[in-house]
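Open the model in your viewer and keep the selection panel at hand. The stops below go from a single residue to helix pairs, then to whole chains and the contact between them.

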Amino acid sequence: MKKYDLDRLRNEKLAKNILLCSAAFLTVVIIALIVFMGQQGLQTFTDVSPFEFFFSTKWNPDNGQYGAFSFIFGSLLVTFLAILVGGPIGVMGAVFMAKLAPKWVCEIMKPAVNLYMAIPSVVYGFIGLTVVVPAVREYFGVPVGFGILTASFILSIMILPTVISISTDALLSVPKMLEEGSVALGATYWQTIWHIVLPAAKPGIVTAIILGMARAIGETMAVQMVIGNTPRLADSLFSPTSTLPSEIVVEMGNTPFGSTWGNALFLMALVLLLISLIMILVVRKISAKKAVEA
Amino acid sequence: MNAKTQDKIAKVCLWFIGFLLIAILAAFLGYMLYKGLPVLTPKFIFGMPSDMEAGGGVGPQLFNTIYILFLSMAFSVFIAIGAAIYLSEYAKDTALTRFIRLSTESLATVPSIVLGLFGMIVFVDFLGMGFSILGGALSLSLLNLPLLVRVTEEALQTVPQTYREASIALGATKWQTIRKVVLPEAMGGIITGIMLASGRAIGESAILIFTAGTTVSRHMADFDVFAGGETLAVHLWYVMGIGLVPDRVAIANGIGALLILVVLFINLIFIFAQRKLKSA
């Protein structure tokens with residue numbers, strides 16, 4: 001072989017290895033995340049029993065009480081309420097964009113959805129703080145406007161772009177034939193959507209909902225600005241409480257690194273990390289099943 | 001209720017939701033601009049902040065925002081493009097590539113506060129960078145990575161397979177084909193993708209509070225990467241939560257409008273670039 005060919009071959013190998021390394025870097029990052037959060041967070045259990053952390057509502061680090069149940073519950077509750085409102089609106093929005101809107105309307109909707117995504121979460125939080133909080137206080141006649149309801153309301157708007165864009169893709173990938181068959185049999189537009197298109201796009205829509213929930217449960221700034229940041233269990237829609245991310249952001253700044261308090265915050269981050277990883281695994285499972293069926 | 005009426009009602013509802021989506025967006029953008037635009041004087045945009053008195057600006061924060069965004073992109077773009085090329089051009093369906101794909105998707109859903117704490121342990125503490133522009137930029141680059149990988153992969157996939165075949169048939173190696181044919185062809189898509197990612201990264205705050213910190217250098221336009229790296233979004237949060245200045249709502253309004261303007265600008269360019277790519 002000529003020297004030139006050998007050089008080419010060597011470059012070829014080198015390029016492939018460098019590319020593989022950059023791809024593997026992402027795996028390294030995610031493993032490092034789990035290791036560092038785990039190593040820092042699990043140290044909490046040397047001072048606090050897992051039972052207390054997960055099931056006690058008493059969070060009072062000055063007295064050595066580290067019950068994070070109120071935050072876990074708060075996170076789950078706002079996520080659930082946000083998806084309850086934002087989920088259906090997002091999916092219907094996707095049906096509108098994918099199956100009803102004329103082309104020129106779509107040309108407006110698509111950039112609009114991107115813009116929803118691009119508005120910084122502090123701006124969502126700030127509008128929540130200056131507009132929604134006073135509005136909730138006035139309208140419902142409660143002492144403070146901070147709390148579960150306000151946070152869920154802001155979150156239900158923030159998850160819209162995630163739900164809409166993934167559902168739209170799912171709806172667009174439903175074969176046209178199915179719809180045509182249904183319409184040919186005399187079904188109306190809505191009957192076709194309801195009985196044929198939506199069921200066919202179900203795996204994609206479930207994925208959209210789960211990723212919407214992942215966005216809601218991890219949202220930090222917007223929630224922190226409107227939820228009231230009170231470490232107690234929410235007992236009504238209007239009670240100020242705290243979520244896992246909002247509590248971390250409020251307390252991390254004045255917590256000594258390596259103290260039980262600091263470690264407990266890292267443990268909360270580990271819980272968040274594991275929840276988001278589980279959600280991805282579920283999404284994976286759904287799309288794998290879809291691939292088998294197709 | 002018969003099927004026809006049901007159909008009509010459903011269509012009206014869908015149109016209503018489409019309208020509602022635009023209306024909510026317009027309300028958010030309109031409110032922020034209405035409140036914030038009057039605040040945006042040159043003195044506010046480029047001036048130094050003040051801790052106690054009214055009338056401070058956000059100059060250093062604006063500078064930090066752009067500087068951190070630029071650095072974080074510089075750190076992540078090449079790795080992301082490399083990873084995307086590997087996944088889209090080389091990867092076969094092996095356990096390794098499946099695992100890499102899973103990692104990319106997982107990284108994309110990791111809450112940004114978790115990445116922020118990770119950056120705090122690794123960059124700020126362990127590598128001793130302190131709350132700095134560099135620490136913030138490195139952490140932010142982790143957030144950019146998965147999104148950049150996805151947009152680059154999408155751009156690569158729009159390059160027709162026949163281009164690759166033609167290049168290989170002419171005797172080019174795989175790497176030569178990628179470098180001389182596929183990448184130049186996909187470059188437009190990659191650049192618009194980078195812009196979309198920048199638009200998201202510019203308003204990010206949770207990841208930066210504990211890595212870039214909430215202080216700024218006393219010198220305007222300080223290129224020292226170890227200086228405090230508070231950005232616009234973090235400053236908005238900081239003045240509303242902890243700040244002592246009497247005109248904090250005005251400052252927050254101004255920052256909000258400034259961020260919205262930047263985001264609008266980036267998205268407009270994105271739309272035009274995409275139109276151009278499509279028609280080309």
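Is N229(A) buried, partly exposed or exposed, and how many other C-beta atoms lie within 10 Å? Select N229(A): it is partly exposed, with 19 other C-beta atoms within 10 Å. A residue is buried if 20 or more other C-beta atoms lie within 10 Å of its own, exposed if 12 or fewer, and partly exposed in between, with C-beta atoms placed from the backbone. N229(A) lies in the loop between α11 and α12 (244-251) of chain A. Its phi is positive, about 50°, although N229(A) is not a glycine.

Before going on, note how to read the model. It is predicted: local features need pLDDT of at least 70, side-chain atom pairs count only at pLDDT 80 or more, and totals for chains, interfaces and linings use all residues. Residues are numbered from 1 along each chain as its sequence is written, while chains are lettered from A and ligands numbered from 1 in the order in which they are written. Helices (H or I, at least four residues) and strands (E, at least two) are DSSP runs, numbered from the N terminus.

**Stop 1: helix α6 of chain A**

Select residues 148-158 of chain A, which form helix α6. This helix is mostly covered, with eleven of its eleven residues buried. Among the buried residues are I148(A), F153(A), I157(A) and M158(A). Now show what covers them: the cover includes α3 (69-100), α5 (121-140), α7, α10 and α11 (221-226) of chain A, together with α1 of chain B.

**Stop 2: α5 against α6 in chain A**

Axes are lines fitted to C-alpha atoms, for helices over the stretch in contact, and angles run from 0 to 180 degrees between N-to-C directions. α5(A) passes α6(A) in a right-handed crossing (left-handed if the near helix is turned anticlockwise from the far one by less than a right angle, right-handed if clockwise).

Show side chains at the contact (C-beta atoms, placed from the backbone, within 7 Å). From α5(A) it takes S121(A), Y124(A), G128(A), V132(A), V133(A) and V136(A), and from α6(A) L149(A), T150(A), F153(A), I154(A) and M158(A). By class, the contact of α5(A) with α6(A) has eight nonpolar, three polar and no charged residues. Ala, Val, Leu, Ile, Met, Phe, Trp, Tyr, Cys and Pro count as nonpolar, Asp, Glu, Lys and Arg as charged, and the others, Gly among them, as polar.

**Stop 3: α7 against α10 in chain A**

Select residues 160-172 (α7) and 202-218 (α10) of chain A, whose axes are 8 Å apart at an angle of about 165°. The two helices are therefore roughly antiparallel, and α7(A) passes α10(A) in a right-handed crossing. Residues that meet here include I166(A) and D169(A) in α7(A), and L211(A) and R215(A) in α10(A). By class, this contact has seven nonpolar, five polar and two charged residues.

**Stop 4: the two chains**

Colour by chain. Chain A has 13 helices and two strands, whereas chain B has eleven helices and zero strands. Buried residues make up 49% of the 294 residues in chain A; of the 280 residues of chain B, 48% count as buried. The C-alpha trace of chain B spans about 70 × 65 × 35 Å along its principal axes.

The average for chain B is 86, and 98% of the residues score at least 70. The model scores ipTM 0.90 and pTM 0.90.

**Stop 5: where the chains touch**

Select the residues of chain B in contact with chain A: 65 residues of chain B touch 72 residues of chain A. On the chain B side, the largest share, 16 residues, comes from helix α1 (residues 3-36). By class, that side has 44 nonpolar, 14 polar and seven charged residues.

End at I24(B), which is in helix α1 of chain B. I24(B) counts as partly exposed, with 15 C-beta neighbours inside 10 Å. Draw a C-alpha to C-alpha distance from I24(B) to P111(B): the two are 25 Å apart in space and 87 residues apart in sequence.

Note on methods:
Contact = placed C-beta atoms within 7 Å. Parallel < 35°, antiparallel > 145°, perpendicular 65-115°, else oblique. pLDDT = per-residue confidence, 0-100.
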